[in-house]
Amino acid sequence: MFSTLSPEVFHIILSNLTLKDKLECKLVSKYWYNIVNSPDQLYETIKVEGKEEFNKLYVFFNTHKKLGAKVKRLSIDRGAIKVDQYRRLPIVFPHVKIFHCVEIWDSLPLKRWKTQMTLKNFARWKDTIVEIREIGSSIGTFALLKGNVCPRLESIDVSVSYSEDEYEELELMSLLVNAPKLTVLKLSNTLIFTFKLDEALDNLPKLKILSFRDVRFINNQLPDYDDIEGSLKRDEDIKPSQLETLIISNVLFVDDAKIWLTYFSKKITSIKNLVWNYVENNQSNGFFDTHEHFLIQFLTKCHQLEFYRVHAFELTSNILKAMTDAGIRLKHIDVDAICDGLKMVLNSGQMDFIETLSISGNSYDGLAYEYRKTDEPDYILKEIGKHPNIKNLRIIQSQQEVNPPVSNKFPFDVVLNDMKHLQTLKMDFVSLILRYESDEPVVETSLTKVHLLEGYFLASRFCSEADLEEEYRFSTAYNKNEDGQRNSLNYVKTILPKTEFIMEQMNMDVNIDISEETYIDFIKKHEF
């Protein structure tokens with residue numbers, strides 16, 4: 001089967017393998033050997049994991065410099081790199097386009113980027129680099145942008161790691177002027193000052209995605225909250241940005257968040273995607289604040305807003321009404337089930353426009369209980385089903401909220417009977433209960449995809465009533481009824497022949513941050 005793959009497809013596969021894995025692939029067949037053994041294929045993408053592997057490859061490419069010159073994509077994951085090795089990477093790999101490095105340093109080496117040797121070495125990448133990602137260090141980013149215009153650089157993802165000298169953190173924002181084609185900027189573990197953010201946005205006319213994570217916002221230019229509106233109206237120097245996506249996650253507003261919301265209402269009004277994740281206000285007692293007036297002031301100016309993820313600041317009926325009255329038509333909203341946010345959305349005019357509804361912060365069992373009615377146990381789903389514009393439903397649950405899946409039962413029959421316009425369903429840690437008995441395919445449904453992470457189907461014809469109804473302590477479904485799960489899935493595929501089923505298992509060795517990475521990927525790909 002693999003012999004039928006084109007060389008182009010093989011190239012994509014090989015780009016995700018380490019050099020060791022590529023060398024092992026050469027042993028599979030002559031066809032694989034010929035493709036893998038091509039110098040361009042073998043060395044164009046290098047992925048290194050761990051100290052031992054990095055040291056071996058570093059010595060190899062430092063010896064065979066012609067091969068190092070072929071490397072275009074370099075990814076290093078916890079290679080325990082010595083600072084001197086790090087600074088010499090552009091010498092060993094002079095033509096890198098994409099550079100990723102995740103490193104844990106014993107001591108912060110940020111100060112070493114200013115040496116003349118470091119600046120000279122990283123200048124070698126200025127004409128080739130397209131994307132740079134440094135987590136745990138920012139030597140390369142600082143050195144690359146210092147005195148060098150990088151005409152092809154489009155994406156920066158850097159963790160500054162709270163330098164001992166905050167002026168160095170400020171300098172990065174000024175250096176961004178040397179990346180005029182930058183479209184994606186992700187900053188973490190740093191300080192954000194108002195005047196430097198304003199400077200960076202003015203210098204980056206092509207910037208589309210801006211992400212802040214684990215940062216502290218400090219106002220050192222804007223006036224105090226009591227006089228902020230009047231001052232900003234008189235401030236003609238604030239030039240609106242053309243930013244399309246703003247992601248703010250795990251941040252602290254050292255000053256009152258109201259100050260920043262007012263600044264955003266003047267600076268960032270062209271956004272299509274807005275994500276608030278766990279914002280803490282230093283002037284408040286909690287993570288969820290209303291700030292209703294200032295949020296309305298900001299949101300009602302974002303006339304192109306399509307995707308709104310609100311997991312900080314209280315979502316009120318007045319905010320949703322103001323957005324609707326301002327002509328804003330959300331296509332996708334991601335709302336936390338706590339703090340009545342979901343209730344507000346369900347009762348708002350935005351429900352006539354939303355195409356994708358994402359709910360997190362609670363299991364389906366919890367949602368069903370909270371929104372229960374005596375005569376309609378699955379009222380929440382039926383209420384969503386009344387809106388034919390909703391095509392995609394995503395219920396996001398953590399393993400802590402639902403453990404194991406058998407304790408979180410979802411009535412799949414309701415999807416078939418009352419949500420006929422639904423096209424995609426995605427859930428985590430859940431058992432989908434099906435009591436549909438016919439062998440005939442379901443005709444009246446638009447469902448094209450069901451994506452389950454650590455979930456399964458339980459059909460009544462293959463499972464006992466205990467499997468379908470009883471609590472986990474009485475059930476055999478999770479541990480013993482694997483045949484019932486397998487037969488149920490096959491049966492569902494039979495009655496829904498046009499539906500794609502993705503049954504995904506969680507990789508327990510990988511720490512997945514759904515809150516940021518998944519949503520950035522979603523925004524960039526524009527897919528559910």
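**Exercise 1.** In this predicted model, determine how many bridges join β16 to β18 and which residue of β18 is the bridge partner of P411.

*Solution.* Step 1: β16 and β18 run parallel and are joined by 3 bridges. Step 2: P411 has I433 of β18 as its bridge partner.

**Exercise 2.** Locate R435 and state whether R435 is buried, partly exposed or exposed.

*Solution.* Step 1: R435 belongs to the loop between β18 (431-434) and β19 (449-453). Step 2: The relative accessible area of R435 is 35%, so the residue is partly exposed. Step 3: A459 is 24 residues from R435 along the chain, with 5.9 Å between their C-alpha atoms.

**Exercise 3.** Describe the packing of helix α13 (residues 257-267) with helix α14 (residues 292-299).

*Solution.* Step 1: The two axes come within 8 Å and cross at roughly 15°. Step 2: α13 is therefore roughly parallel to α14, since angles under 35 degrees count as such. Step 3: The crossing of α13 past α14 is left-handed. Step 4: K258, L261, T262, F264 and S265 of α13 make the contact with F294, L295, Q297 and F298 of α14. Step 5: The residues of this contact comprise 5 nonpolar, 3 polar and 1 charged.

Key:
Residues are numbered from 1 along each chain as its sequence is written. This is a predicted model: local features need pLDDT of at least 70, side-chain atom pairs count only at pLDDT 80 or more; totals for chains, interfaces and linings use all residues. Side-chain values use heavy atoms; hydrogens and water are left out. Axes are lines fitted to C-alpha atoms, for helices over the stretch in contact, and angles run from 0 to 180 degrees between N-to-C directions. Helices (H or I, at least four residues) and strands (E, at least two) are DSSP runs, numbered from the N terminus. Angles under 35 degrees count as roughly parallel, over 145 as roughly antiparallel, 65 to 115 as roughly perpendicular and the rest as oblique. A crossing is left-handed if the near helix is turned anticlockwise from the far one by less than a right angle, and right-handed if clockwise. Contact means heavy atoms within 4.5 Å. Ala, Val, Leu, Ile, Met, Phe, Trp, Tyr, Cys and Pro count as nonpolar, Asp, Glu, Lys and Arg as charged, and the others, Gly among them, as polar. Buried means under 20% relative accessible area, exposed over 50%, partly exposed in between (1.4 Å probe, protein chains only). Two strands pair if DSSP finds at least two bridges between them.
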